[in-house]
Amino acid sequence: MIKPVNTQDFTLQPDRRSPEEFESVKFRIEDGVARMTLNRPEHNLLNESMLREIASGISHAGERDDVKLIVVDSACKVFCGGIDIGEYTSQRVFQMLDAFHAAFAGMLEVGNLSFAW
């Protein structure tokens with residue numbers, strides 16, 4: 001049986017967080033370089049919250065005239081182990097897809113910046 005979907009569950013954009021509020025991504029800017037360090041031990045599994053932080057960090061860096069490069073690195077032994085399958089459920093698929101889209105769209109929107117992974 002197909003359950004009806006409440007469109008508000010996946011069409012409302014969550015509030016954008018400031019870098020000071022990030023929990024899974026360390027964010028800092030020095031000498032024209034924004035550094036986003038993935039920090040969700042042990043394998044940096046991507047969940048919705050972390051993807052939103054990545055998207056917000058990219059947007060924040062893109063709004064600054066002094067930033068020319070965004071470096072994404074890892075505080076863990078593994079750069080990124082993929083998605084957190086515990087969150088990737090049929091009830092949350094739209095939120096996860098929206099979070100992925102926000103992160104990748106953010107990269108396209110700040111086309112004047114370079115990225116290093």
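Predicted model: local features only at pLDDT ≥ 70, side-chain atom pairs only at ≥ 80, totals over all residues.

User: What makes β1 and β2 a strand pair, and in which sense do they run, parallel or antiparallel?

Analyst: Pairing requires at least two bridges between the strands. β1 and β2 are joined by 6 bridges and run antiparallel, so they meet the criterion. Within this pairing, F27 has M36 in β2 as its bridge partner. The hairpin of β1 and β2 has 2 residues between the strands, and D31 there takes a positive phi near 50°.

User: How do you know that β3 pairs with both β2 and β4?

Analyst: The threshold is again at least two bridges. β2, residues 33-38, pairs with β3 over 6 bridges in the parallel sense, and β3 is joined to β4 by 3 bridges, also parallel. On the β4 side, I70 stands opposite F115.

User: Through which helices does the chain cross from β2 to β3 and from β3 to β4, and what is the hand of each crossover?

Analyst: From β2 the chain passes through α2, residues 48-62, to β3, in a right-handed β-α-β crossover. From β3 it passes through α3 to β4, and this β-α-β crossover is right-handed. The term applies because, with the strands pointing away from the viewer, the path from the first strand over the helix to the second runs clockwise.

User: How does the span of α2 relate to the expected value?

Analyst: The helix has 15 residues and reaches 21 Å from its first C-alpha to its last. At 1.5 Å a residue, 21 Å is expected, and the computed span is close to that.

User: Why is α2 called mostly covered?

Analyst: A residue is buried when its relative accessible area is under 20%. In α2, 11 of the 15 residues are buried, so the helix is described as mostly covered. Among them are M50, L51, I54, A55 and I58, together with E48, R52 and E53. The elements that cover the buried residues of α2 include β1, β2, β3, α3 and β4.

User: Why is R52 called buried, and what does its side chain contact?

Analyst: R52 lies in helix α2. Its relative accessibility is 12%, and the limit is under 20%, so R52 counts as buried. The side chain of R52 makes a polar contact with the side chain of D98 at 2.9 Å. That distance falls within the 3.5 Å limit for a pair of N or O atoms.

User: Why does S24 count as buried, and which residues does it touch?

Analyst: S24 lies in the loop between α1 and β1. Its relative accessibility is 10%, under the 20% limit, and therefore S24 is buried. Leaving aside residues up to four places away in sequence, S24 touches T37, L38, N39, R40, M50 and E53.

User: How many aromatic pairs are there, and what makes the pair of F79 and W117 edge-to-face?

Analyst: The whole structure holds 3 aromatic pairs. In the pair of F79 and W117 the ring centres lie 6.3 Å apart and the planes stand at 80°. The centres are within 6.5 Å and the angle is over 60 degrees, so the pair is edge-to-face. It links distant parts of the chain: F79 is in the loop between β3 and α3, W117 is in the segment after β4, and they are 38 residues apart.

User: Why is W117 called exposed, whereas F79 is partly exposed?

Analyst: Exposed requires over 50% relative accessible area. W117 has 56%, so it is exposed. F79 has 34%, which lies between the 20% and 50% limits, so F79 is partly exposed.

User: What makes the pair of F115 and W117 stacked?

Analyst: Their centres are 6.3 Å apart, with 15° between the planes. Stacked applies to planes under 30 degrees apart, so this pair qualifies. F115 is partly exposed, at a relative accessible area of 25%. F79, F115 and W117 form one aromatic cluster.

Key
Residues numbered from 1 in each chain as written. Heavy atoms only, no water. Phe/Tyr/Trp six-rings, centres within 6.5 Å; stacked < 30°, edge-to-face > 60°. Helix = DSSP H or I, 4+ residues; strand = E, 2+ residues; numbered from the N terminus. Buried < 20%, exposed > 50% of the residue type's maximum accessible area, 1.4 Å probe, protein only. Expected span 1.5 Å × (residues − 1). Contact = heavy atoms within 4.5 Å. Polar contact = N/O pair within 3.5 Å; in protein donor to acceptor, adjacent residues only side chain to side chain.
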